[in-house]
Every structure is written in structure tokens, then in C-alpha cells.
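Hello,

Here is the structure we talked about. My notes on it follow below.

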Amino acid sequence: MSDLLLRGGTVVDLGIGAPRVADLLVRGGLIEAVASGLEVESVGEEIDASGLVVAPGFVDPHAHLCEPGWEHRETIRSGAQAAAAGGFTTVCCMPDTDPVVDDPATVGYVVAEGSRAGGARVLPVAALSVGRKGEQLTEFGELVAAGAVAVGDAGRSVASSTLMRLALEYAQSFGVPLLTHSEDAELARGGQVHEGVVSTLLGLRGLPAVAEEIGVLRDIALARAAAGRLHIQRVSTAAAVAAIRRGLERGVRITAEATPHHLLLTDDLLGDYGTEYKVSPPLRPAADVEAVQGALADGTIACVATDHAPRHYDEKEQAFDDAPHGVVGLETAFAVLHTHLVRGGAMNLPTLLKRMSLGPARALGIEGGELERGRRADLVLIDPAAEWVVDPAQFLSKGRSTPFAGMRVTGRVVRTLVGGETVWSVGEDPPARVSR
Amino acid sequence: MSGGKTVLGKDLTGLDALSTDQIRAILDTAEPMKQIARRRVKKVPVLRGKTIVNLFFEASTRTRISFEFAEKRLSADTVNIGSVGSSVSKGETLVDTARNLEAMSIDMVVIRHWSAGAAAFLAARIPSSVVNAGDGAHEHPTQALLDILTLRDHFGRIDGLKVCIVGDVLHSRVARSNIHGLTKLGAEVAVCGPRTLLPAGIEELGARVVNGLEEAIEWADALNVLRLQLERMQDGYVPSLREYNRVFGVTSAHLQRADRELLIMHPGPLNRGVEIDSDVADGPHSVILRQVTNGVAVRMAVLYLLAGGEALLAEAASEWSQE
């Protein structure tokens with residue numbers, strides 16, 4: 001592996017404190033030193049990072065790379081490259097594939113494809129139940145041995161409290177967290193959008209906020225009873241935030257994530273039935289969005305997750321009821337959050353960077369988020385002042401459906417390094433994917 | 001076709017999207033259309049040479065036939081496509097169906113679809129005019145227009161009228177279109193029904209919630225009684241049809257207690273003995289069949305205006321040649 005020196009960047013080391021201008025030396029894929037005015041005799045490559053932010057590479061705890069089985073939507077390769085273009089150095093991919101990632105062989109396939117993808121590291125999450133049917137636990141031990149970093153049924157809540165309890169207990173033998181889509185499935189069934197005045201106006205079946213509240217309350221109660229490790233995926237309501245806050249105060253081992261769309265967008269954007277706003281859980285009213293933002297700012301929600309869920313053009317080009325939920329997010333997450341939360345004054349840049357790297361890494365118990373000597377050189381270089389317009393046609397992802405299309409944003413990832421190797425950079429090969 | 005510069009714009013997808021003036025233009029234009037139905041030769045050449053496709057993804061008898069009559073009376077050429085026995089039942093997508101029709105140079109599509117937003121979806125993707133004949137639980141604008149026209153015929157005004165919509169508002173596109181249309185024209189609107197069938201935030205659409213049929217009858221000038229789909233009982237929204245009829249069914253006993261004139265409307269088809277008793281549906285308060293008559297006139301007005309016609313008043317029809 002080549003050696004590399006990043007000169008004069010603003011280094012944001014989340015473990016140490018305030019950002020400072022410094023040089024960062026990478027040797028053998030690892031961070032060798034971070035200091036100002038580093039004297040280095042010879043180095044393979046030197047990069048002028050002045051004016052750029054040098055931060056730990058982003059860790060996405062929740063993405064759908066759709067392979068095996070849904071390669072028309074995304075492949076592990078295209079997804080890993082899209083992740084790299086968004087500044088992610090690690091992406092955890094969900095098991096809702098076809099076949100479901102519920103046996104060691106399929107976990108092994110994802111790991112192998114990921115290692116060949118030439119983008120972000122790909123870490124598989126395995127299904128919690130066989131076939132994601134919520135009936136029988138998968139072989140957590142075998143799955144973890146094959147490379148799974150967590151278990152969860154991805155987008156489906158576990159209806160049986162008994163199975164959920166057993167999973168929370170059993171997972172402790174293997175040191176992995178349980179990822180849940182916490183929702184009362186029966187109450188949520190058929191819901192297309194948040195239940196409220198917007199669903200009434202549009203005549204679409206509503207999904208009540210209380211479905212998420214019940215799911216989160218139950219799963220926290222079970223995590224407390226089982227002393228298990230629970231990671232709550234894509235929180236969208238004020239009530240769920242309150243439940244998580246209480247759980248944390250009581251010392252329950254929970255972490256939570258929120259997506260850029262739930263952090264920034266409200267359900268009244270659905271006025272024209274745009275399927276690029278159809279997501280799960282649904283977009284919520286402003287009071288919920290503010291609560292989720294507040295929770296990300298104060299750390300109640302420690303992770304940003306993209307819930308990157310590519311869909312084929314044809315799937316989204318349907319009447320609202322018939323179109324699947326899901327939007328892409330890997331290539332826009334940082335820019336939209338930087339634009340609206342950091343520049344909008346809801347949090348400072350180090351906090352956002354922490355929620356996009358250290359927070360998720362700790363939640364999942366994987367490496368990432370730190371720039372200490374000896375750590376893997378998983379890094380992102382950011383131009384915080386660059387302005388650009390989100391253009392889905394430029395995405396490396398095969399998915400194009402995003403609610404942020406056409407949005408003018410500030411701040412862009414200019415280079416992503418995994419283990420010291422540049423896996424993406426603006427203006428190089430692959431060519432610049434960022435317009436303007 | 002006129003290319004979109006019509007009184008109504010290119011399409012009619014719902015009353016929420018129309019201005020008060022546009023709604024009035026349709027109602028006024030329906031007046032001369034009524035006269036055409038009374039003629040010996042019920043046909044004018046206004047849409048001669050225009051092609052209209054009636055694209056019904058969902059079963060409908062009344063609305064489809066009403067549109068067809070309206071089209072034929074305006075001399076349009078029409079094609080009916082239902083979901084059974086067409087490419088729709090072979091899995092063709094809505095957008096492909098529409099584009100294929102478009103390729104055959106049509107002028108208008110009248111669409112009924114189970115999915116809310118389907119009419120707007122189509123309207124955004126084809127240059128032809130699109131008329132919403134009911135999209136899921138969203139809107140059914142021509143039904144509300146004929147309801148409003150019937151009210152105007154009877155009361156001579158809409159402004160200040162009190163109209164209560166009774167029944168399954170949650171799943172009703174008729175209710176939503178009526179709320180939008182009536183409130184824009186200055187009527188007061190209330191809804192009445194089991195709480196399970198009243199949607200969240202309905203007050204924010206401009207409708208007050210009244211608690212029972214007694215209160216509704218005391219308050220309203222007119223009741224618009226919605227059909228209770230029998231599936232609602234299977235889905236658990238109401239425990240039994242018998243109880244529904246007892247609590248929310250409109251009976252002649254109710255009307256005898258009303259201290260003033262009360263108009264009874266129903267969009268059809270009737271569930272006699274469920275949401276409405278036969279003696280009410282067939283009784284002196286009922287204007288249900290006048291609604292059906294007005295349906296053709298309102299739909300003629302909508303098609304005529306979307307084809308680029310100017311808003312008309314009653315006298316205008318006499319100027320049209322009779323074929």
C-alpha cells in the first residue's frame with residue numbers, strides 16, 4: 001500500500017476535540033501521525049488539503065445494496081462505489097435480498113463481492129429470522145463467523161415479542177447488536193403516508209405515528225429485560241424520540257439512527273403524489289421532524305443512516321399506491337445535512353461528522369470514526385464551501401429516485417480513502433460525478 | 001384541442017385545484033347542457049371529430065354511462081376501456097396504457113382508477129386532457145359538481161347553505177370533492193359518521209364534525225348520504241350493518257322530526273336499508289334522480305370547457321344548431 005501525506009487540512013478528529021489545521025500521514029494503510037508541520041522524508045503521494053476538512057470516513061449503518069436478486073436496482077459494486085462518492089468508507093448492507101441473507105454462504109457472497117467492489121467497505125447485516133419471516137432465528141454464530149456485523153430483519157418489524165426477546169438474548173453470545181424496524185406491523189399495515197391532514201387530503205391510507213411509538217416502546221422494554229443491544233433504525237416521530245430518550249436515561253443499551261429525509265422533509269411535500277417522497281416510515285409533520293433533528297443534535301439519536309434503497313425507474317413511475325417506498329441517499333447525505341443542519345444552525349460540523357462516522361461505528365461495534373495513530377486510514381476530504389446542485393443523472397448508484405433532486409447544496413466530498421487508497425475523488429477516474 | 005388554454009386549464013383532476021370562478025363556470029355552463037337533454041334530438045356538434053377514451057380501471061356503471069351520454073350528446077367519438085379483458089388486466093402499467101392511447105391521437109381521457117393521484121399522474125404524462133372520474137379515496141370532481149348543481153337548482157344559491165355529509169367519509173372521494181367545492185362556494189360543510197370512518201384532520205379541510213344524525217338533521221339544509229361499502233364491516237370499521245342502520249341510517253322517522261325542509265342526496269348506488277331507508281330514498285325530500293340527470297349536464301359542461309369552449313349561460317344553447 002502506498003504512503004500518503006495530507007498537507008494542511010482542517011483535521012476533525014472526533015476523539016480529540018476541536019478541529020485544527022494539521023498534516024496527516026498514512027503508511028501501510030494505517031494512520032501514522034497527525035500533527036502540524038510534519039517532516040516526512042519520502043512519501044508516495046502528497047495531497048494539498050488546505051481549505052479542506054479531513055475527517056473520518058462516513059459509516060452508513062443502513063443501506064440496501066439489493067444484491068443478490070435485485071441487480072436491476074443496485075449491485076454491491078455500484079452501491080459500494082456510490083457510497084464512496086458520498087464519503088462513506090463503510091456501508092452496512094441489509095439482508096432483504098433474494099435470496100435473503102440468512103445463511104453463511106450468502107453472507108460470504110456479500111463479503112466477497114464487497115471486497116471486489118473497489119468502493120466503500122461492505123459489511124453485511126444478516127437476517128434475524130429465517131427468510132425474514134419472523135418465525136425462527138437464524139444461526140447468529142455462523143452468520144457472524146462468516147462476516148455479518150449485526151442481525152435484523154430489515155424493514156420488517158418482528159411481530160413476535162417472544163422471538164424478539166430470544167434474539168436479543170441470543171445475540172449477546174456473539175457480541176452483535178440487533179437492528180430493528182420498530183413498528184406495530186398490524187397498525188401500520190397498508191399505510192402509504194403519515195396519517196394526518198395530508199393523508200386525508202390526498203385520500204391515501206394513513207400510517208399512524210403511534211405504530212412507531214408502540215414498536216419502539218416494546219423493543220426498548222424487551223432490550224431492557226434481556227439486557228440486549230438494540231439499534232433502532234430510521235426513527236421518524238417525536239414520540240419515538242421521547243421513548244428512546246427515556247430508555248437511555250434508564251441505561252438501556254440502545255442506539256438509534258435517523259435518515260436525511262426524515263431529518264429534513266415533511267409530509268406536506270407529498271401534495272403532488274411524488275413517489276420520490278414515498279419512504280418507510282413515511283415523512284412526518286414538522287413537529288416530528290424538529291424532534292428528530294433535536295435528537296440528532298443532542299445525541300439521543302447517535303447515527304445518521306441513509307436507508308439508501310434504490311428502485312428501478314419503472315417501479316417509481318407508477319401511481320402512488322403501486323410504487324414501492326425507498327429512495328437513494330448515499331451520494332447526497334452529507335451535502336443535504338451539511339447545508340440544512342450545519343449551515344442552518346442546528347448543529348456544528350464536528351457533531352454532524354460524528355453522527356456520520358463515530359456514532360454508527362460504535363452503535364454497530366465496528367471500526368471507524370477515529371483518526372488516532374494505528375487506525376485504518378478510512379478518510380474523507382470535504383470542501384465545505386463548494387456549491388453544487390443534486391443531479392440524479394450523475395449518480396454512481398443505479399437508483400435515481402431522490403427527494404433532493406435539484407436541490408442547491410453546499411459542501412461536497414472531494415476524496416474518499418479506504419485503507420489509505422483513494423476510492424473516489426472529484427475530477428479523477430472515475431470522472432467527476434459532481435456538477436458545478 | 002386547445003392546448004391547455006381553457007377556462008379549466010388542461011385537466012380536471014379535482015375541485016381542490018379549481019378556483020371559485022372555475023367551479024362557477026362549470027355550473028353555469030351546465031345550464032344550457034340541461035336543455036339539450038330536453039330536446040327531441042339530444043345532440044350538438046360541439047365535440048365533433050374529437051376522440052375521448054373512457055379508461056375505467058375500476059368497475060362503474062353510473063359514472064361511466066353518464067360520461068358516455070355526455071360525450072355522445074356533444075358528438076365526440078368514444079372508446080371504452082375496462083380493466084377486464086384489456087391490456088390493463090395483462091399487467092400493462094398505467095403509463096404504458098396512456099402512452100399507447102396517446103399514440104392513437106386521442107383528445108381526452110376520462111379515467112377512473114383505484115389509486116389516489118392516478119388522474120394527476122396521467123395528466124402530468126400525456127398532452128391530452130384528463131378528466132378524473134374518481135381516483136381512490138382522493139377526488140371525484142364531477143360527482144361533487146353534480147351534487148352542487150342539484151343544491152343550487154333547489155335552493156337557488158350555495159353561499160350560506162349548510163350541507164352535512166353522512167357516512168364513510170374516510171374512504172370517500174365524493175366527500176372530499178364536495179368539501180372542497182362547497183366550501184369554495186361559501187357553503188358550510190359538516191361530516192357525520194362513526195368515528196372510525198372519519199379521517200384524521202378532516203376539520204382542517206374545512207368541515208366540522210357533528211356528533212350524531214339528530215344533530216346533523218337539526219343543523220343541515222341538506223344531507224349527502226354516502227354509500228357504506230359492505231367491505232367496511234369485514235375490515236372492522238363498523239361492527240354490523242344492522243347497528244349502522246340504526247345509528248347512522250337516514251330514516252323517515254328522522255325526517256319527520258326535522259323542523260324544516262331537508263334535502264336528501266346520495267351519490268349511488270344505494271344500499272337500501274343500510275345508510276338510507278327506501279321511503280327516504282323514494283320520498284319527497286329525495287333529489288337522488290335529479291342528481292343523476294344533472295350528472296350528464298355537468299359532465300357535458302366539463303368536456304366542453306376542457307375542449308376550449310367558453311363559459312356559457314343558459315340562453316346560449318338555443319344558438320346551437322340542432323342536427
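By class, 17 nonpolar, 13 polar and 12 charged residues line the second largest pocket. (Ala, Val, Leu, Ile, Met, Phe, Trp, Tyr, Cys and Pro count as nonpolar, Asp, Glu, Lys and Arg as charged, and the others, Gly among them, as polar.) The model is predicted, and local features need pLDDT of at least 70, side-chain atom pairs pLDDT 80 or more, while totals for chains, interfaces and linings use all residues. Residues are numbered from 1 along each chain as its sequence is written, chains are lettered from A and ligands numbered from 1 in the order written, and side-chain values use heavy atoms, without hydrogens and water.

The second largest pocket holds about 870 Å³. Its lining has 42 residues; Gly155(A), Arg156(A), Arg234(A), Ser280(A) and His325(A) lie nearest its centre. (A pocket is an open set of points on a 1 Å grid over the protein atoms alone, where a 1.4 Å probe fits, with protein on both sides within 12 Å along at least five of seven lines; lining residues have an atom within 4 Å of a point. Points are joined across faces, edges and corners, and volume is the space filled by probe spheres set on them.)

The largest pocket has a volume of about 1,600 Å³. Among its 49 lining residues, Ala137(B), Asp168(B), His171(B), Ser172(B) and Arg232(B) are closest to the centre. Its lining has 16 nonpolar, 18 polar and 15 charged residues. Helix 6 of chain B gives the largest share, three residues. (Helices are DSSP runs of H or I, at least four residues, numbered from the N terminus.)

Regards

Definitions and conventions: Helix = DSSP H or I, 4+ residues; strand = E, 2+ residues; numbered from the N terminus.
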